[in-house]
Amino acid sequence: MCISVNILTEAERCRGATTMSEQESLRCSSARNRGGVQRVEGKLRASVEKGDYYEAHQMYRTLFFRYMSQAKHAEARELMYNGALLFFSYNQQNSAADLSMLVLEVLEKSETKVEEEILESLAKLFSRTDPNSPERVAFVSRALKWSTGGSGKLGHPKLHQLLAVTLWKEQNYSESRYHFLHSSDSEGCAQMLVEYSSSRGFRSEVDMFVVQAVLQFLCLKNKSGASVVFSTYTEKHPSIERGPPFVQPLLNFIWFLLLAVDGGKLTVFTVLCEQYQPSLKRDPMYNEYLDRIGQLFFGVPPKQSPSYGGLLGNLLNSLMGSGEDDDGAEEAQEDSSPIELD
């Protein structure tokens with residue numbers, strides 16, 4: 001009873017007050033809009049529960065464009081987000097994916113600022129989308145672009161981290177690694193790599209999983225990330241004996257390389273690469289990574305011609321992008337040679 005009286009009093013005050021501050025007016029308007037959205041959601045939920053999926057989907061779209069034409073961006077985003085989750089719960093993937101894209105459209109057109117709560121909601125939609133659907137690829141690409149204001153950067157580090165964790169849970173380790181590389185969660189990356197190595201790799205490859213990641217972090221000029229992923233991985237992997245020095249030559253190479261990066265002496269870097277060349281031949285990409293690392297940290301001039309050309313070269317350049325990271329990684333130089341970071 002008390003709640004009803006309070007609601008009635010608030011409504012009367014909103015309708016009848018002759019003098020009202022701007023703040024009170026906005027609060028009353030927000031309360032009315034929220035009540036309207038809840039009523040609409042109730043009707044749409046009832047349609048979905050009855051199995052009228054097509055009709056409900058079309059009504060969601062109609063309401064979306066109505067709200068957008070009235071500049072009711074918050075209401076449109078909330079309605080589409082809740083609608084997408086509702087369709088996901090009934091395994092209506094196509095309708096859910098469509099409403100998920102409308103959530104992004106609201107964010108883009110309203111120029112909404114990036115907030116952690118919004119990033120988490122986008123990651124939740126991503127996690128509910130069928131991993132094998134092309135709609136998921138389109139959604140994540142668009143979400144990452146929005147998260148950096150449409151710039152050429154590779155996406156907000158927090159969103160990358162949330163995506164990486166989702167993919168890790170799905171045991172999609174390769175894609176998870178890519179997103180961890182562009183996040184600020186190097187420790188999480190290392191823990192994922194331990195699981196990846198233990199479940200999918202041979203014992204003889206235990207060193208290769210972390211070596212690739214460290215070199216890729218360095219190619220993005222993220223020294224701290226490279227150090228954290230290396231130390232965490234070597235401490236937590238059950239098949240690696242405590243070091244340094246390590247039993248595996250490649251792990252010793254990485255340990256020395258991280259020290260050399262801090263020192264910045266080209267002669268040390270050159271001798272190190274020469275001494276460990278037999279081990280580095282285990283993966284032909286290692287020398288590609290090291291060429292780039294030499295340019296970034298030791299002043300080695302770039303090669304006259306890139307390692308790859310044409311369409312593939314453009315693809316690899318886009319993967320490298322600008323190795324910028326909002327949370328502390330230094331900007332990569334623009335003369336980067338294309339390196340694959342898949």
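1. The chain has 17 helices and 0 strands. Helices here are DSSP runs of H or I with at least four residues, strands are runs of E with at least two, and both are numbered from the N terminus. Before going further, note that this is a predicted model, in which local features need pLDDT of at least 70 and side-chain atom pairs count only at pLDDT 80 or more, while totals for chains, interfaces and linings use all residues. Residues are numbered from 1 along each chain as its sequence is written, and side-chain values use heavy atoms, with hydrogens and water left out.

2. How much is tucked away? Of the 342 residues of the chain, 45% count as buried. Buried means under 20% relative accessible area, exposed means over 50%, and partly exposed is in between (1.4 Å probe, protein chains only). As for contacts (heavy atoms within 4.5 Å), take those between residues at least 6 apart in sequence: 63% of them join residues at least 24 apart.

3. Now look at helix α14 (residues 266-275) and helix α16 (residues 285-298), which pack at an angle of about 165 degrees with their axes 11 Å apart. An axis is a line fitted to C-alpha atoms, for helices over the stretch in contact, and angles run from 0 to 180 degrees between N-to-C directions. The two helices are therefore roughly antiparallel to each other. On this scale, angles under 35 degrees count as roughly parallel, over 145 as roughly antiparallel, 65 to 115 as roughly perpendicular and the rest as oblique. α14 passes α16 in a right-handed crossing; a crossing is right-handed if the near helix is turned clockwise from the far one by less than a right angle, and left-handed if anticlockwise.

4. Which residues of α14 and α16 make the contact? On the α14 side they are L266, F269 and C273, and on the α16 side L290, I293, G294 and F298. Sorted by class, the contact of α14 with α16 has 6 nonpolar, 1 polar and no charged residues. In this scheme Ala, Val, Leu, Ile, Met, Phe, Trp, Tyr, Cys and Pro are nonpolar, Asp, Glu, Lys and Arg are charged, and the others, Gly among them, are polar.

5. α16 also meets α13: the axes of α13 and α16 come within 11 Å and cross at roughly 15 degrees. They are therefore roughly parallel to each other, and α13 passes α16 in a left-handed crossing. L250, F253, L257, A260 and V261 of α13 make the contact with Y286, L290, F297 and F298 of α16. These residues divide into 9 nonpolar, no polar and no charged.

6. Stay with helix α13 (residues 249-263) for a moment, as W255 sits in it. W255 is partly exposed, with a relative accessible area of 30%. Leaving out residues up to four places away in sequence, W255 touches F230 and P244. W255 and G243 are 12 residues apart in sequence, and 9.6 Å apart in space, C-alpha to C-alpha.

7. On to the rings: the structure holds 10 aromatic pairs. Rings of Phe, Tyr and Trp (its six-membered ring) pair if their centres lie within 6.5 Å; planes under 30 degrees apart count as stacked, over 60 as edge-to-face and the rest as tilted. One of the pairs is W168 with F180, edge-to-face at 6.1 Å centre to centre and 70 degrees between the planes. It links distant parts of the chain, with W168 in helix α8 (residues 157-169) and F180 in helix α9 (residues 173-181), 12 residues apart. W168 counts as buried at 19% relative accessibility, and F180 is buried too, at 0%.

8. Y196 and F209 have ring centres 5.0 Å apart and planes at 75 degrees, so this pair is edge-to-face. Y196 lies in helix α10 (residues 186-200) and F209 in helix α11 (residues 206-219), 13 residues apart. Y196 counts as buried at 17% relative accessibility, and F209 is buried with a relative accessible area of 12%. Y173, Y196 and F209 form one aromatic cluster.

9. What about the rest of α11 and α10? α11 is mostly covered, with 14 of its 14 residues buried, and just after α11, K221 takes a positive phi of about 55 degrees. In helix α10 you will find S186, which counts as buried at 8% relative accessibility. S186 touches F217, G225, V228 and V229, not counting residues up to four places away in sequence.
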